[in-house]
Amino acid sequence: MTIFVFSGLLLIFSFLAGLIGSLTGLGGGVIIIPVLVLFFNVDIHYAMGASLISVIATSSGTATTYIRDGYTNIRIGMFLEIAAVIGAFIGALLIPIFSIKLLTILFSLVLFLSAYLTIKRKEESEVYTQSHHWAVALKLDGTYPFKNKSTSYYVQNVPTAFSLMGFAGLLSGLLGIGSGTLKVLAMDQALRLPYKVATTTSNFMIGITAAVSASLYFSHGYIKPVIAFPVMLGVLAGAFVGARTISKINTYLLRILFSIIICLIGFQMLYNVYIGAA
Amino acid sequence: MGLILTIGTLTSAVIVLLGGIFFLSQHGNDPIGKELLVTSLSSLSVIQLGLFILVGTQILRVGLLVWYYLSIRDYTFTFISGFVLCTILVTFVVNMMGWQIQ
């Protein structure tokens, strides 16, 4: 195919990735990598570089809207980011050591677990009256727009979430993707945040975590402008559109969307390992 | 803060778009091949500049937060965001130095 066709197709896929990423708290990388590797036969390292750009673009595309609308909890985001960036820093250094096959299998298992846990939670039936003492000390609780009014929420299990976040950062550094999934999981399951707060705060955080890995990917030459350019533009556009529409979408639908997407990706990645392409 | 971030993101997007259009106008009809995975073409360098700015906007975002928390005298979060900022900057310096050595 010509470059023009390649760029055009990639742009469309990237728009979709950005759209879904903005609604699920993921970076779009979970769509970009399989598309590039399976559909376009791009080398996995360049796909990982493109995915990193996708993550940063999703984060940038959604940030202004979500912060302004009052969804993102910046304090929780920055606090958990400490664990995430340390993890990402270490993870990037470990790239030469780990086998991609092993990482891919590990990651797909994480995805299936996440899908199950995400659907299982029924946040409407939970009643919390206070936050974990760490959350109180750091003023992590907040409000978010729910049914057109500012609704407050509490924050639980902070240390667990912090550790999970370190692991999320590690995966981000190693695979170029994946931190979004674990971030949403940690905030949804451990901190017990409202789902849209978890996903939007994840969108906020993933860009920062990815920025840590970005310098390494640039210096190794894993980020190829040919591939990155349609990805970045498509994802930015898709993420922006998604951010504008999230308030109108029912939370449970978002949970289902998240779970379907990550299960699909999990299966794709296992298939990848099976046919030896990983 | 929101305005600065939007400007930064849009700037990077415009640069990448221009570089991309320039690139496609020159090579749009060439078939896909491994030789295109280079950055020596000037149009691809423009794209790369845009990508750097995109990443830079993220770093700027953290910097602005450090400033903000300092201004409201929340020293805990000034430290927290400062730590994150330092980690990012150190990573960049370390990796870019490695690049020079190559």
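Visitor: What pattern does chain A follow along the sequence?
Guide: Chain A reads α-α-α-α-α-α-β-β-α-α-α-α-α, with 11 helices and 2 strands. Helices (H or I, at least four residues) and strands (E, at least two) are DSSP runs, numbered from the N terminus.

Visitor: Where do the numbers and letters come from, and what sort of model is it?
Guide: Residues are numbered from 1 along each chain as its sequence is written, while chains are lettered from A and ligands numbered from 1 in the order in which they are written. The model is predicted, so local features need pLDDT of at least 70, side-chain atom pairs count only at pLDDT 80 or more, and totals for chains, interfaces and linings use all residues; side-chain values use heavy atoms, with hydrogens and water left out.

Visitor: How much of chain A is buried?
Guide: 62% of its 278 residues. Buried means under 20% relative accessible area, exposed over 50%, partly exposed in between (1.4 Å probe, protein chains only).

Visitor: Now helix H11 of chain A. How far apart are its end C-alpha atoms?
Guide: They are 35 Å apart; the 24 residues (251-274) should span 34 Å at 1.5 Å a residue, which agrees. The expected span is 1.5 Å times one less than the number of residues.

Visitor: Which residues of H11(A) are buried, and what covers them?
Guide: The buried residues include A:Phe258, A:Ile262 and A:Met269. Their cover includes helices H1 (3-24), H2 (29-39), H5 (100-120), H8 and H9 (195-219) of chain A.

Visitor: Where is A:Thr181, and what does it touch?
Guide: A:Thr181 is in helix H8 (residues 179-190) of chain A. Leaving out residues up to four places away in sequence, A:Thr181 touches A:Leu26, A:Leu111, A:Ser114, A:Phe258 and A:Ile262. Contact means heavy atoms within 4.5 Å.

Visitor: Is A:Thr181 buried or exposed?
Guide: A:Thr181 counts as buried because its relative accessibility is 1%.

Visitor: And how many helices and strands does chain B have?
Guide: Chain B has 3 helices and 0 strands. Of its 102 residues, 44% count as buried.
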